[in-house]
Amino acid sequence: MLQGRKEPVTVDVMVRLVGKEVGVSPWRTVSQEMIDRFADATDDHQFIHVDPERAKAETPYGGTIAHGFLLLSLLSPMTYETLPPLEGAGMAINHGFDKIRFTAPVRSGARVRTRFVLAEMNARPSGMVQIGYDVTMEIENSLKPALTARWQTIAVMDRRDEPA
């Protein structure tokens with residue numbers, strides 16, 4: 001597992017880890033304040049997210065729940081908290097998701113964490129490395145995860161052979 005390593009890891013090391021769990025993020029609380037700020041940023045003020053009294057009275061959740069897209073957006077900081085950078089990568093970019101599933105609601109105040117399985121790596125001739133993670137966001141004290149997905153990222157490798 002790569003978790004807890006601060007120094008960059010090489011492509012060769014990563015290739016050997018394909019198919020293995022490479023890290024589990026720390027627990028993170030999904031607060032109502034976080035949900036409200038996300039609602040403001042995305043203009044998604046559906047009552048199940050932002051109105052605790054109405055959500056308690058009119059939904060089976062017992063209160064408000066996080067937006068699915070809020071949970072997806074937490075994957076980025078969870079990655080930075082959990083996995084070391086790829087040696088030689090100047091930057092990493094989000095390439096997208098395959099088969100996202102929101103499998104259980106995350107109630108306001110719940111804690112979540114993410115398990116990262118390195119599903120695939122493909123070093124391209126362009127100097128980019130495509131990396132696919134199978135991610136599972138767990139909810140503390142829940143048998144069902146909040147979400148599962150295949151997350152595609154691209155590491156843009158520094159081109160040392162090109163003039164500056």
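In this report, helices are DSSP runs of H or I with at least four residues, numbered from the N terminus. The model described here is predicted.

Helix α2 spans residues 32–42, and its buried residues are Q32, M34, I35, F38 and A39. These residues lie on the same side of α2, because they cover an arc of only 160° around the axis. The face turned away from this buried side carries the exposed residues E33, D40 and A41. The buried residues of α2 pack against β2 (28–29), α3 and α5 (68–73). After α2 comes D43, whose phi is positive, near 60°.

**Residue H49**

H49 is located in helix α3, which comprises residues 47–50. This residue counts as buried because its relative accessibility is 6%, and the cut-off for buried is under 20%. A polar atom of the H49 side chain lies 2.7 Å from the backbone oxygen of I65. Leaving aside residues up to four places away in sequence, H49 touches several residues, among them Q32 and I35.

**Salt bridges**

Side chains of opposite charge can pair when their charged atoms come close. The count in this model comes to 9 salt bridges, including the three below.

| Pair | Closest N and O atoms |
|---|---|
| E81 and R28 | 2.4 Å |
| R115 and E138 | 2.6 Å |

R150 is partly exposed at 25% relative accessibility, and E120 is partly exposed with a relative accessible area of 29%.

Definitions and conventions: Residues numbered from 1 in each chain as written. Predicted model: local features only at pLDDT ≥ 70, side-chain atom pairs only at ≥ 80, totals over all residues. Heavy atoms only, no water. Helix = DSSP H or I, 4+ residues; strand = E, 2+ residues; numbered from the N terminus. Buried < 20%, exposed > 50% of the residue type's maximum accessible area, 1.4 Å probe, protein only. Polar contact = N/O pair within 3.5 Å; in protein donor to acceptor, adjacent residues only side chain to side chain. Contact = heavy atoms within 4.5 Å. Arc of directions from axis to C-beta. Salt bridge = Lys/Arg side-chain N within 4 Å of Asp/Glu carboxyl O.
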